[in-house]
Amino acid sequence: MSGNVLEVKDLKKYFPVRKGMLSRTVTYARAVDGVSFSIAEGQTFGLVGESGCGKTTVGRTLLRLIAPTGGQSLICGSDVFALGPEELRRMRPQMQLIFQDPYSSLDPRMTIGEIIGEAPREHGIVPKADLRAYILDIMKRCELRAYHFDRYPHEFSGGQRQRVCIARALALRPKLVVADEPVSALDVSVQAQIINLMRDLQQERGLAYLFISHDLSVVEYISDYVAVMYLGVIVEFAPKKEFFNNPAHPYTQALLSAVPSPNPDNRTRRIILKGDIPSPVKPPSGCKFHTRCWRCTDICKTDIPIYEEARPGHYVACHHRLAV
């Protein structure tokens, strides 16, 4: 590895809550509340958690698709949040996003060739005379055929449309790709094809992936490191094998207990969490997970747990981490 492609430091994103006829801001929803991590070249960082925990907001904010409230997002050493409009435009090719829905993210009025070639043309990635050949090469690498060039998105299956989305992202020769639930809308057999394609392209180009998902089976297959988010904060982080073999946070244990096992003899006790994720407008005091945690004690209700190393390379924010 040749260093970190992405470094996120104390990332925060608060959405204003407005009320009254004048729409005055009365409080804030803390969607992301101090998240830090890094991804090296050729690595995949899996970010997991329940719906509403802030995963997608992290991905979009660090790319500055959403204005941040605070923190830093260093991509290839440049703080994206500090760049002016023209500098940001020049930086865009280095950081790309693969959307969750492969159909709604494609313009139905444009052909596949136009969709993939639009950004490379605008950014001058290759000379205009070479653009068509360049697009066809990208399509081939993403297992699309040359005759697909002049077809429209509605003529493709879900898996083919997601290949188009991947080709569109890779056409700009990025260093970082944020994949936001890239296979959740696809059939299981197609999911495997897309994941294998992403891994092959990563090995070929040394891409850094931020892989956002709620499917822990997919995350286990593709990721090098895994982090768990809960109510805007990371509660556990570890290398993949350590994460799945020795989950230390009660929330992580509950998530892993819900993953079905293909081996009927390898049954785990299902941990059922009570209630729903609390509102980010009024998060619980102390540990944010204490309202649903079966290990909760008085200290959990009053003191915020320190996010620190429980085992080598394994970080967790839990008052009872030594007891798990």
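Buried means under 20% relative accessible area, exposed means over 50%, and partly exposed lies in between (1.4 Å probe, protein chains only). Keep that scale at hand for the whole tour. This is a predicted model, in which local features need pLDDT of at least 70, side-chain atom pairs count only at pLDDT 80 or more, and totals for chains, interfaces and linings use all residues. Residues are numbered from 1 along each chain as its sequence is written, and side-chain values use heavy atoms, with hydrogens and water left out.

**Stop 1: helix α9**

Select residues 250-257, which form α9. Helices here are DSSP runs of H or I with at least four residues, strands are runs of E with at least two, and both are numbered from the N terminus. Seven of the eight residues of α9 are buried, so the helix is largely enclosed by the rest of the structure. The buried ones are Pro250, Tyr251, Thr252, Ala254, Leu255, Leu256 and Ser257.

What covers them? Contact here means heavy atoms within 4.5 Å.

**Stop 2: the nonpolar cores**

Now color the core. A nonpolar core is a set of buried Ala, Val, Leu, Ile, Met, Phe, Trp, Tyr and Cys residues joined through side-chain atoms within 4.5 Å. The largest one has 61 residues. Which members touch the most others? Select Ile116, Ile166, Met198, Phe211, Phe243 and Tyr251.

Zoom in on Phe243. Leaving out residues up to four places away in sequence, Phe243 touches Leu216, Val226, Val228, Ala238, Thr252 and Leu256. A second core is separate and has 31 residues, including Leu47, Leu210, Ile234 and Phe237.

**Stop 3: the sheet**

Show the strands. Strands of a sheet pair through backbone hydrogen bonds, either parallel or antiparallel. Two strands count as paired if DSSP finds at least two bridges between them. Eight strands form an open sheet with mixed pairing, in the order β6-β7-β8-β3-β9-β10-β12-β11. The edges are β6 (95-98) and β11, each pairing on one side only. From one strand to the next, the twist averages 25 degrees. Angles run from 0 to 180 degrees between N-to-C directions, with axes fitted as lines to C-alpha atoms, for helices over the stretch in contact.

Follow the β11 end. Strand β11 (residues 307-311) pairs with β12 (residues 314-317) in the antiparallel sense, over four bridges. Tyr307 stands opposite Ala317 of β12. Two residues lie between the strands of this hairpin, where Gly313 takes a positive phi near 75 degrees.

Step across to β10 (residues 233-239). This strand pairs with β12 in the antiparallel sense over two bridges. Here Glu236 stands opposite Val316 in β12.

Next, bring in α6. This helix lies across β3, β6, β7 (176-180) and β8 (208-212), and runs at about 155 degrees to β8.

**Stop 4: salt bridges**

A salt bridge is a side-chain nitrogen of Lys or Arg within 4 Å of a carboxyl oxygen of Asp or Glu. How many salt bridges does this rule give? The count comes to nine.

Select Glu50 and Arg292. Their closest N and O atoms are 3.0 Å apart. Glu50 sits in the loop between β3 (44-48) and α1 (55-62), and Arg292 in the loop between α9 and α10 (298-302), 242 residues apart. Glu50 is partly exposed at 25% relative accessibility, whereas Arg292 is buried at 8%.

Go to Arg141, in helix α4 (residues 131-141). Arg141 meets Asp137 in a salt bridge (3.0 Å, N to O). These two are four residues apart, about one helical turn. Arg141 is partly exposed at 35%, and Asp137 is partly exposed at 34%.

Arg141 also bridges to Glu204 (2.1 Å, N to O). Glu204 is in helix α6 (residues 188-205), so this pair ties together parts that are 63 residues apart in sequence. Glu204 counts as partly exposed at 45% relative accessibility. Then select Arg30, Asp33 and Lys288, which salt bridges with shared partners join into one network.

**Stop 5: Ser223**

Finish in the loop between α7 and β9, at Ser223. Buried or exposed? Ser223 is buried, with a relative accessible area of 1%. Its contacts, leaving aside neighbours within four places in sequence, are Thr44, Phe45, Gly46 and Lys240. Now select Cys76 too: its C-alpha atom is 21 Å from that of Ser223, and the two residues are 147 apart along the chain.
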